[in-house]
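Please look over the sequence and the model before reading on.

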Amino acid sequence: MEYQISSKAKRTIIATAAVGLVLFIIGIATNMDSEQFKTRLFSNFLIDGFFFFAMALGALFFLALQYATETGWSVAIKRIVEAVASYVQVGIVVLLAVFAVISIMQGGYTEVHGHHVGHIYQWMDPVIASDHSSAQFDSMIANKAPFLTQTFFWIVTIIYMATYFLFYKGFRKRSLQEDIEGGTAIHMKNFAKGALFLVLFGYFSSTSSWHWLMSVDPHWFSTLFGWYTFGGMWCTSMTAIMLLLIYLKKNGYLEKVNDSHIHDVGKWIFATSFLWSYLFFSQFMLYWYADIPEEVIYYTFRIDNYPVIFWGMFMINFIIPMLILMSREAKRNPGILMAVCVIIILGHWADVYMLVTPGTMGEHGTIGFLEVGLFMVFAGIFAYFVLNTLTKAPLMPKNHPYLDESKHHEI
Amino acid sequence: MHKEAAIREPLILGHKTYSDITEDVCRPIEGKAPKAWYIMFGISLLVGLYGIGCILYLLGTGIGTWGLNKTVEWAWDITNFVWWVGIGHAGTLISAVLLLFRQRWRMAINRSAEAMTIFAVFMAGLFPLIHMGRLWVGYWVMPIPNQFGSLWVNFNSPLLWDVFAISTYLSVSVVFWYIGLIPDFATIRDRAKGAVSKKMYGILSFGWSGRAKHWNRFELVSLVLAGLATPLVFSVHSIVSFDFATSVIPGWHTTIFPPYFVAGAVFSGFAMVQTLLLILRKGMKLEAYIHTKHVEYMNIVIMVTGSIVGVAYLTELFISWYSGVEYESYAFINRATGPYWWAYASMMTCNVISPQLMWFKKLRRSLLFTFFISIVVNIGMWFERFVIIVTSIHQDYLPSSWSMFYPTWVDIGVFLGTLGIFFAFYLGFARYFPVLAMSELKTILKISGESYKDGSAPTHDDHGGGGDSHTEAAPVVEEKVAEPAPVVEEKVEEVKEAVKEEVKEKLSDEEKSKRVSSLMEKLGAGDASNADDLKVISGVGPKMESTLNEIGIYSYEQVSKMTDNEYEMLDSITESFPGRAKRDDWAGQAKELMNK
């Protein structure tokens, strides 16, 4: 097909992943003896596994949104969105593997002086969740049993993953089919499937986040948690789409994509950053204001032990996009956009880090070679897989009923 | 240059010209109001006056005339306040958020929705003012230094944030609405015959002259205001939700409140827009501009926001159990099974189940059904606030103080009164203001107008009729008729050819003239000397007029005699727009025009 991964891109990706791997191994070697090593390793796989999966899933959501709302302008960048979404296939496998290992190890604890500590999911450990005679038994967690059990966790997780996988496959298949067949039948089907996906995703994005992330702090709860993680997910996906778009434009592809399209994606980054900040503020302010101990502990713990990461990621994810992307010119300037996107991606990674690490590692969490290395390995795999999907189909869709609107897009 | 795909449904039905838009919007303002308007206005005014009477009685007697008691010290008034503020969300959402999303269908509904927003916010503001007791020192809610008699306000209180949020929202909404009105006021000014109305609309239009520079500034300001108004749409109801969520009351203190209140507000706001617009389009004959597609879009918004609200209800319910906080669980069990179960049941059916019916295309395109659901949703959203407020506090931590809340006649009277005042305002608006954004509609006429999309419009634009020249021209001149996507176009052409051939085969010239003469027999002969302007009939363009004249139809009287039989005959003779005449009820329209 028209797009080929250039040897330069290949080299860069392999170099990133290789350097990452080396750092990761150094990280392992230097931390092997620490008491928290196992927890730290699992936490990182959960963080990166979820972060990159969510990036792809957000793109799948955006794709469905474009179909369901019959949006015209975005048709010309449809293949880019599909490419980012295609990583869900890898993301699902990775995340399921992480969950499987944690499940087999009953929550991934370390035994210290006969005590089970450093769980990823405390509720998976029978000593805590179901053994009434144990000294570590926690009735609060036990009371959440019908929801927080391995059986239920796995049933719903498989339903979520199967749904995401099948919808991705379906959208992609029909997208390529439309190139050949034309007509409006495929378009109407995409419209219906898009709406259906949004409904399922509307439920799953919340319920899955409770199981996968919120249960890391099994005592704590927040009704907004699901929408909050969703907001971050969506924002990150838009930055990934933007980065890919700019990369392809720079290399002379996508001649029909003009700066109005880029401006529009930039607006989405701006808007979703605000959405995330709004949800962050809503959850934070209400718990801070009411100051109920079992609720506010979540924030006081983070502020006391991770002040730099906690406040830093809020500043990065809110202030930077707000100040820089406010102006129209910035949203049309590839250099500025590229820089902002990279910063936002790091900022939202730190957000996911904040969702997981304080719950699993307590006050011992740090960012070192291990974290940086694993992130780079994942980033390399993600980039390679996404670019590889791009090589499989023409970059510009054909026969989409709104293609003409998109080609003549000007704002 | 903008393109619009052929498969998108047209937003302006029939063949309309720029002048038609001006005529259709200005006609109700320039003519006499129908009897129905006076009746509705009278009733609203009476109910409103009754409400004002109740407020005065309340002020004279004291807040004890409300049904509040020591446990439920916040009930009916705050419910109404939140309900009205919620309704006041749709207008600015439509004009600001949909502007940013470049939704062209908003242009037919934004003006009246914004008016509704502003009136609804007025009504909302009344309740806290009354509740504070002394209306005449209402300005004490502002941070005024102590020497003016008030106490410095408490900035920690979300109730004060409400004051700032709502007053900012109201002022931006009013400015936004008014800016949009200026060019349309100028059009009315230029057409006005009476000296008084010319003067009045002249003042209102700020000396608008329609020059390029004016349009340039106009569009710039609209965009900036849209950017400002969008965060306000979110902030207002988020802050209203903080009134409850910042507290430590089970059932109130939950983090999902801000976004879920916003979704609920949009939900109820759109329902109210539907209720009002379905009446307005009929009463003011704006069916060509606000038609099934607009209603369908709004129903989809109702469905989506209704579903978001539904997800939030279920999330709250789940977390109340998951949290393990027994008071939290009790609050929700009490809602569903306690003495106010009927309020909870109404809320659930009206808000969660009824919008799901909009998944059926038939239902969401049915105007009657939409009207019914829009009222159901507004009832449901009123109950939602009642459930959140009253059932969360009537059985609190101390069982000995548990009690029930029953509204008194004053409670009910004040609420009815706000409904009356609201409708009176709205009817006044419909009478004296351009209810559609004329200048904006003109920008989409040639992109989304039916006759421009299907190519039946004459290629040379006919500007005649209106008589108003410079404000008439649409700001965007560069628009061209959309080129339909190639595949669809081919299909359409194929079908058209097939239809034409079929008709031709059936109808010889001889047959045609026979039909013409039998048609004329029924309608009576007419002549060109006393011809009426048939273009006034909605659905008749200049092309159709000349066709009718060719047949021999010149006057309203002739058209008014048409029945289904004649429509069919006419269709077979003209071979264009089958079913058009019947759908638009030409005879009925002509009858009315005759009586004018």
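The side chain of Ser374(B) comes within 2.7 Å of the backbone oxygen of Phe371(B). It also forms a polar contact with the side chain of Thr275(B), at 2.9 Å. A polar contact here is a pair of N or O atoms within 3.5 Å; within protein, one must be able to donate a hydrogen and the other to accept it, and residues adjacent in sequence count only if both atoms are side-chain atoms. Ser374(B) belongs to helix H14 (residues 367-393) of chain B. Its relative accessibility is 1%, so Ser374(B) counts as buried; buried means under 20% relative accessible area, exposed over 50%, and partly exposed in between, with a 1.4 Å probe and protein chains only. Residues up to four places away in sequence aside, Ser374(B) touches Ala271(B), Gln274(B) and Thr275(B), where contact means heavy atoms within 4.5 Å.

Thr275(B) is buried because its relative accessibility is 9%. The side chain of Thr275(B) reaches a backbone oxygen, that of Ala271(B), at 2.9 Å. Beyond its neighbours within four places in sequence, Thr275(B) is in contact with Phe371(B), Ser374(B), Ile375(B) and Asn378(B).

## Basis of the model

The model is predicted: local features need pLDDT of at least 70 and side-chain atom pairs count only at pLDDT 80 or more, while totals for chains, interfaces and linings use all residues. Residues are numbered from 1 along each chain as its sequence is written, chains are lettered from A and ligands numbered from 1 in the order in which they are written, and side-chain values use heavy atoms, with hydrogens and water left out.

## Chain B as a whole

Chain B contains 24 helices and 0 strands. Helices (H or I, at least four residues) and strands (E, at least two) are DSSP runs, numbered from the N terminus. Of the 596 residues in chain B, 55% are buried. Among contacts in chain B between residues at least 6 apart in sequence, 80% link residues at least 24 apart.

## A roughly parallel helix pair in chain B

In chain B, the axes of helix H3 (residues 76-87) and helix H15 (residues 409-432) come within 10 Å and cross at roughly 20°. Axes are lines fitted to C-alpha atoms, for helices over the stretch in contact, and angles run from 0 to 180 degrees between N-to-C directions. H3(B) and H15(B) are therefore roughly parallel to each other; angles under 35 degrees count as roughly parallel, over 145 as roughly antiparallel, 65 to 115 as roughly perpendicular and the rest as oblique. The crossing of H3(B) and H15(B) is right-handed: a crossing is left-handed if the near helix is turned anticlockwise from the far one by less than a right angle, and right-handed if clockwise.

From H3(B), the residues Trp76(B), Asn80(B), Trp83(B) and Trp84(B) meet Asp411(B), Ile412(B), Phe415(B), Thr418(B), Leu419(B) and Phe422(B) of H15(B). By class, the contact of H3(B) with H15(B) has 7 nonpolar, 2 polar and 1 charged. Ala, Val, Leu, Ile, Met, Phe, Trp, Tyr, Cys and Pro count as nonpolar, Asp, Glu, Lys and Arg as charged, and the others, Gly among them, as polar.

## Antiparallel helix pairs in chain A

Helix H7 (residues 150-181) and helix H8 (residues 185-212) of chain A pack at about 155°, their axes being 10 Å apart. H7(A) and H8(A) are therefore roughly antiparallel, and their crossing is left-handed. The contact of H7(A) with H8(A) involves 16 nonpolar, 10 polar and 5 charged residues.

A second pair is formed by helix H9 (residues 225-250) and helix H13 (residues 334-361) of chain A, which pack at an angle of about 150° with axes 9 Å apart. H9(A) and H13(A) are therefore roughly antiparallel as well, and H9(A) crosses H13(A) in a left-handed manner. Residues in this contact include Phe225(A), Tyr228(A) and Lys250(A) of H9(A), and Pro334(A), His348(A) and Asp351(A) of H13(A). The contact of H9(A) with H13(A) comprises 14 nonpolar, 5 polar and 2 charged residues.

## Positive phi in two loops

Asn399(A), which is not a glycine, has a positive phi of about 65°. Asn399(A) sits in the loop between helix H14 (369-391) and helix H15 (403-407) of chain A, and its 29% relative accessibility makes it partly exposed.

In chain B, Arg102(B) has a positive phi near 55° and is likewise a residue other than glycine. The loop between helix H4 (90-100) and helix H5 (110-131) of chain B holds Arg102(B), which counts as partly exposed at 33% relative accessibility.
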